[in-house]
Structure formats: structure tokens, C-alpha cells
Amino acid sequence: MSKALLIIDMQNFVKERIQQGVDYFPQNSIEHMTSVIEKFRTSGTPVIHVRHQTPEQGSPLHHRSPSSQPLDAFKERADEPVFIKHTSSAFSSTGLLAYLQEAHIAEVVVIGAVAGFCVNSTVRMGTDLGLKMTVLKDAVLSFELESHQLSAKAIHDVTLGLLDAGFAQVTDAAAFQLS
């Protein structure tokens, strides 16, 4: 079974929220993500990027907004495909599934942002589409929902717990074996 790494929404809005003081968890998630990317690239295993963009002018995620651009450490290489999504799930508004099928990729390893939203939607839909989904829990970032009094850690723990209960294999980045 061939694998690919799927990086979800690692765009400037993530750094901006952190710089604005929005609580996030785990604190070392970005470092874990960059280490996982390097592991996949070194092994020659496919790396796929998904970015969220909205069509509305003035939106922070409009394609012309600096917030929608990839973080420097998450820019694609020439041989790495990028899918632009307009929905929460990376499968709903892109050609990602067709790409995976054409490349005979049956297992998708997920890292990125944000756990309770786009990561959650993508993993659940990937499972529903028959893919084996693996989530590297310390390489997935959550933000707090202050307006609902939910901490970043609580959202992270509940989201990854639910995914682990029936939608994906959930493991630590260090414990994940590429082969």
C-alpha cells in the first residue's frame, strides 16, 4: 500500500493567529510537522499540499491575501502537488481523490491545521472514501475557541480522540514508521 503525506492549511494565517496571542496546542506541533516533511522528502515518499482559499474579496484567505500564502517552511517543491480548497474537507472541492487514485495511493498521513476543522473534515471524508487515514497527533495544530470557552488542548484531545475511535490511526510523529 503506497503512502503520501498530506499537509493541510499551513498558511500565514496560522503564524498570524499565534503572533496575535491565540492559544494553540501542541506548542511544538510546527517543529514536528517540519521534521515529518523532511522524513517523507528524504525517503522519496509523495508530499501533497492543501491550502484553503476563499473567493470573497477582502477575506483573509482570498488568494491575493498574504494570510493565504504558505508559511515559508511549508512551501511546495517543484514535484509536490498543491490543491486549493474552498471547503473544510480537502476532498470536497479539489481533485485530490482523483490524484490519489491515479497515483495508487491508498494511505494518507495527515499533518497541519486546524484539528477541529479542516483536518477533522478531511480525515473523516477520506475514511468514507475508502482511504486508510493516519493522523500524526503531535503534528496537527489546534487553536482555542475563546468565544466557546474551549482550550486548544481540549479541542485537540477531543478531535483526535474521536478520529482515533473510528476514522483513523492516530499516533505520534516519532512513533510513525514510514515503511
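I count two strands as paired if DSSP finds at least two bridges between them. Helices (H or I, at least four residues) and strands (E, at least two) are DSSP runs, numbered from the N terminus.

The model is predicted, so I kept local features only at pLDDT of at least 70 and side-chain atom pairs only at pLDDT 80 or more, while totals for chains, interfaces and linings use all residues. Residues are numbered from 1 along each chain as its sequence is written, and side-chain values use heavy atoms, with hydrogens and water left out.

**Entry: strand β6.** I looked up the pairing of β6 (132–143). Six bridges connect β5 to β6, and the two run parallel. Within this pairing, E107 has K132 of β6 as its bridge partner. Between β5 and β6 the chain passes through helix α4 (residues 115–128), and this β-α-β crossover is right-handed; that is, with the strands pointing away from the viewer, the path from the first strand over the helix to the second runs clockwise.

On β7 (residues 169–171), I found three bridges to β6, again in the parallel sense. V135 is partnered there by V170. β6, helix α5 (residues 152–164) and β7 form a right-handed β-α-β unit.

Strand β2 (residues 24–25) runs antiparallel to β6, with two bridges; Y24 has F143 as its bridge partner.

I then checked burial (buried: under 20% relative accessible area; exposed: over 50%; partly exposed: in between; 1.4 Å probe, protein chains only). Ten of the twelve residues of β6 are buried.

**Entry: helix α1.** In α1 (residues 12–19) I list N12, F13 and V14 as buried. The buried residues of α1 pack against α2 (29–43), β5 (105–113) and β6. Just after α1, G21 has a positive phi of about 90 degrees.

**Entry: aromatic pairs.** I took rings of Phe, Tyr and Trp (its six-membered ring) as paired if their centres lie within 6.5 Å, with planes under 30 degrees apart as stacked, over 60 as edge-to-face and the rest as tilted. The count is two aromatic pairs. F40 and F176 are stacked, at 6.1 Å centre to centre and 10 degrees between the planes. F40 lies in helix α2 and F176 in the segment after β7, so the pair ties together parts 136 residues apart in sequence. Both F40 and F176 are buried.

F83 and Y99 have ring centres 5.7 Å apart and planes at 65 degrees, so I logged them as edge-to-face. F83 is buried at 13% relative accessible area, whereas Y99 is partly exposed at 28%.

Methods. Contact = heavy atoms within 4.5 Å.
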